[in-house]
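Dear colleague,

I am passing on the structure we discussed. Please look it over before reading my notes below.

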Amino acid sequence: MRSIFSIALIFSTLRLATPLIWASHGGMFSERSGVINIALEGIMLAGAFTAASVTFYAGNPWIGLVAGIAAGVAISSIHAVACIRFNANQVVSGMAINILMIGLPAFLGGSLFASTGSTPQIPKENLIPWTPVFLAFLLVPATWYVLYRTPFGLRLRAVGEKPEAADAAGVSVKLMRYSAVLISGALAGVGGAYLSIGQSSLFTRNMTSGRGFISLAALIFGKWRPVQTMLACLLFGFTEAVSIQLQGVRLPSGEDIPNQFIQIIPYVLTIIVLAGFIGQSRAPRAIGLPYQKER
Amino acid sequence: MLELRDITKRFGEVLANDRINIKITEGTIHAIVGENGAGKSTIMRIAYGFYTADSGEILVDGQVRRIDTPHDAIAQGIGMVHQHFMLVENMTVAENIVLGSEPGSAAALDLKSASQKIRALSEEFKLAINPSAVIETLSVGQQQRVELLKALYRDARLLILDEPTAVLTPQEVEEFFTILRGMREQGKTVVIITHKLDEVLAISDEVTVMRDGRVVGRVKTKDTNAAELARMMVGRDVLLRVEKPDADAGATVLSLQDLRVMGMDGTPRVDGLTFDVRAGEVVGIAGVEGNGQTELIESLAGLTEPELVSGRVEFEGRDITTATAKERKQMGVAHIPEDRHRRGLLLDFDLAENSILGVQDREPIVSFAGVMLDNGAIERRARQIIKDFDVRPANPALPARSLSGGNQQKLIIGREFDLHPKLLLVAQPTRGVDIGAIEFIHRKLIALRDAGCAILLVSAELEEVTALADRLLVIHEGKIVGEVDPKVATTEEIGLMMTGGHR
């Protein structure tokens, strides 16, 4: 049995944690402002599909990445309008977006590429395997700085904790929440784009396979704080990396470990982490609550 | 300094402010008094830009100004301290104060210079607030001073205070008034919204009285007295003192022996109480809120998990320490809860349905062996309660939500009195209730006492417990720190005991 712990495993962990870091930090902006963003999964799918399609046509991954960000912002704006303008239930709105984004790429892919789920292969030289990883680790201190060291961050946190206090101080609760949800769309869009034009070389149907939800779990596990959330993402990334390495490893009895069993490891870990730690983590107090001024 | 001219504001069908004219003189403390629903908070929220008036104008220093948002008000030098503090609990004092008008650039928040300014203001007005303290670690009185600082930091010249003393102990009220007088000396103008007449007389220079959305009186404080103000507020003569004969106490009804109630966090909330309540007497519990009164009353009503309760509770000699709420009710224990919305009413249910809570399984409310509700009997009972307790509007089909606080409370009191209880547990009977209804409720409680009921009363209003109680126990951190005779004890004496000091 060859050792599964190696330099390759570290790099693999970093790459697998990257989309989670982008999406969870996106979620952080939204949730710190008081808007639950369960739509991260759908936003990532939008980013992944758009980035792969545009990169394929434009032949340039940077244009593809920008398109992925734009798609993330566009999808999150639906969530923002539903939750902030129309006071919709934030979980229902997010879930609707997730369901929509399972179907929409397949539909668009069908008309663009005559396939029902995937985009064509992108040549290797048009992929960006490492830059988003590097940027993800700059995103963490940047997010921390914005949240804790700028007026914008102060207002954002106030709006998520006690919107009436922010309102009384002359801060526009709606404006803060709109910006926060759109930022979350942009960041989760990058996370999605990295899946299709960084980690792999095409978009496949439902390729996020729950990473949006895992990002949300990391956000909760990380107590809605940048560094802790990054550590949670690294933990989930590491588990995924290990589970990939374990594929094809034989048990002492000579049999392969069943693939299905290995693949459930990250999800089982998510459940354990959430069940075990959710009580200790205090959510922003106004999360999930639409803010309505008194008449 | 501030003048409101012909301000009218409607909320749907309700005319909250009807052509209001108020003039606030610079450098004075101006009280706005009125019963709940008189429109006093509404008019001040209009001045602060929380609401916009349907018609009328606002003048600041003689100039007509548009104040559509709190931002506009702040720009005109108007600040407001709300009844419920507008503070983010997990942030620091400095962060809360600068929120919305942050110093420094958009890229970097400058909390250092803000903290310096806050320290200077805190010293100037003797507020003793540390800018780096986190709000949730501060006492209520300190949080209120942070609210004052918030307005002062924004260079407010006029401070509007909405029911500022509701959450303070008598000592804190005195300190707070000293601060306000200091502000007046520094040239600030203060508007204080309240319904407590003794405070109006103690602190204000001028008074505007409101009733039913109108201004009904404008007087200089030195030219008026409590009786006159009460008459203007209510529109008729009001008895401010409770008149009651001495208690004729009979047999012991409730007896506590070393009662302890634990909180969910494992700390004791009620810490070894031993006392009796006898038939025909009112035992009052005075104390700053949150010192175990809620837990005491709820445990006696049978609403606490039995494993959190230890010690012994006897009712007419029987051990009821672990009896359920229903069993207690059947024995003759009635309960008027402190939070009528949480424990007292189903707000979306109508008055008739609310009037049977607690007797929903008894004859004649149910018939056919307990499976059918008898709507005729329910309505007759509801009408009787509504009539006896003057609940308005007198329509059993209205949802409880649509009634004013005082009328909701009268419905609950009527319902509990109708059980003909031997013991009444009553918490904050007149919270959020108008003066007129307070007088009514007090008279009803004394009448119940005189009919031989034992009453255990908890109230945050010191005046109320001293007026109603025949014996007064003072509670601090779950312990009884002393018993006083309410007829001779002074407010200062009781207030000191409430904060844990000895007499």
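The model is predicted: local features need pLDDT of at least 70, side-chain atom pairs count only at pLDDT 80 or more, and totals for chains, interfaces and linings use all residues. Residues are numbered from 1 along each chain as its sequence is written, and chains are lettered from A and ligands numbered from 1 in the order in which they are written.

Chain A has 12 helices and zero strands (DSSP runs numbered from the N terminus: helices are H or I, at least four residues; strands are E, at least two). Helix H3(A), residues 61-85, spans 35 Å from first to last C-alpha, close to the expected 36 Å (1.5 Å times one less than its number of residues). Just after H3(A), Asn87(A) has a positive phi of about 50 degrees.

The radius of gyration of chain A is 19 Å, which agrees with the value near 19 Å for a compact globule of 295 residues (over C-alpha atoms; the rule is 2.2 Å times the number of residues to the power 0.38). Along the principal axes, the C-alpha atoms of chain A fill a box of roughly 70 × 45 × 30 Å.

Chain B is assigned domain 1 (2-234), domain 2 (241-332 + 423-503) and domain 3 (349-420), with bounds from an automatic or database domain assignment. The C-alpha centres of domains 1 and 2 of chain B lie 34 Å apart. On the side of domain 1 of chain B that touches domain 2 of chain B, H8(B) supplies the largest share, three residues.

Regards
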